[in-house]
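Thank you all for coming.

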Amino acid sequence: MLRKELHEQNRLSWNEATLTRNSHKADQAKFFREGGSTLFQEEIELLGDIHELSLVHLQCNYGRDTLSLAQLGARATGVDISDTAIDLARKLSEESGTPATFHCMDVYDWLEEASTNAQRYDVAFSSYGFIFWLSDIKTWARGVASILKPGGRFVMVELHPFMMTLDEHWNRSLPYFFGNQVMSWADKAGPGGSGDDEMLIPSDEVSVDPQTPRFYEFHWGIGEVITALLDAGLAIMSLKEYPYFNGDNLWFKETRQLPGRRMTSPEGMPNLPLMYSVVAEKTGRQL
């Protein structure tokens with residue numbers, strides 16, 4: 001079931017978090033003008049050659065990965081619910097001279113509008129911390145399938161849902177299967193920060209106070225994600241799990257860093273599933 005009122009609360013919270021996260025950034029336009037890229041090797045390999053392909057980056061935040069995809073030759077479009085993030089993305093595109101189109105919309109509204117207007121893409125892409133903002137995984141998957149061309153691909157790289165069950169000391173603290181529950185928490189630094197006042201509550205008991213920005217997360221297991229994509233008519237071409245996650249360590253007190261800005265469990269701890277990727281293709285089956 002779509003929870004648009006919680007999406008709106010997340011938009012307000014993301015607007016605040018985006019400003020906080022960008023307050024210390026260096027000259028990002030210069031970074032892109034000099035050929036910089038924020039993509040990791042996993043995304044590049046999973047996407048393959050995207051030169052001259054139409055690509056939509058769903059839940060793009062402030063567009064750094066979108067612009068990196070554009071630099072690989074894609075005709076890139078970014079979509080995000082945060083108007084602050086999209087304003088920054090458009091500014092970064094203009095100042096860096098990297099062409100891309102950005103839309104500020106709830107991803108569900110954009111998917112519906114794009115499908116109705118017969119907009120079709122060669123590739124749809126999402127990555128790192130997008131899945132738990134989706135309140136209805138089945139509606140999302142149908143929307144993704146609807147905007148792909150025949151033979152088009154959906155590529156995603158995401159934090160493993162098992163990782164999300166762990167606290168900062170690598171102890172199990174949350175369930176893997178959330179059922180009809182929502183994680184609610186407040187943190188001005190945004191997701192992955194220190195967090196405070198965390199609550200796991202039944203989704204039908206969530207009440208929204210617009211005066212107190214909070215984040216609301218919807219956790220989905222890998223089985224739920226894959227089943228939703230299959231039910232939407234997409235063929236799963238690849239499913240991979242990784243014993244590390246890419247990027248900065250925002251979760252754990254202690255990690256072991258591997259080459260390529262990969263983070264894994266500390267020395268002496270068994271490896272764990274910390275990231276996964278999916279490649280799905282639109283086949284001839286129509287729903």
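Predicted model: local features only at pLDDT ≥ 70, side-chain atom pairs only at ≥ 80, totals over all residues.

Does cysteine 104 count as buried, partly exposed or exposed? At 32% relative accessibility, cysteine 104 is partly exposed, where buried means under 20% relative accessible area, exposed means over 50%, and partly exposed lies in between, using a 1.4 Å probe and protein chains only. Residues are numbered from 1 along each chain as its sequence is written, and side-chain values use heavy atoms, with hydrogens and water left out.

Cysteine 60, in turn, is buried, with a relative accessible area of 6%. The sulfur of cysteine 60 has its closest cysteine sulfur in cysteine 104, at 9.3 Å, which is too far for a bond. With a disulfide taken as a pair of cysteine sulfur atoms within 2.5 Å, the count comes to zero disulfides.

Turning to the whole protein, 53% of its 287 residues count as buried, and its secondary structure comes to eight helices and 13 strands, these being DSSP runs numbered from the N terminus (helices H or I, at least four residues; strands E, at least two).

Finally, histidine 57 lies in strand S1, residues 54-58, and is buried at 3% relative accessibility.
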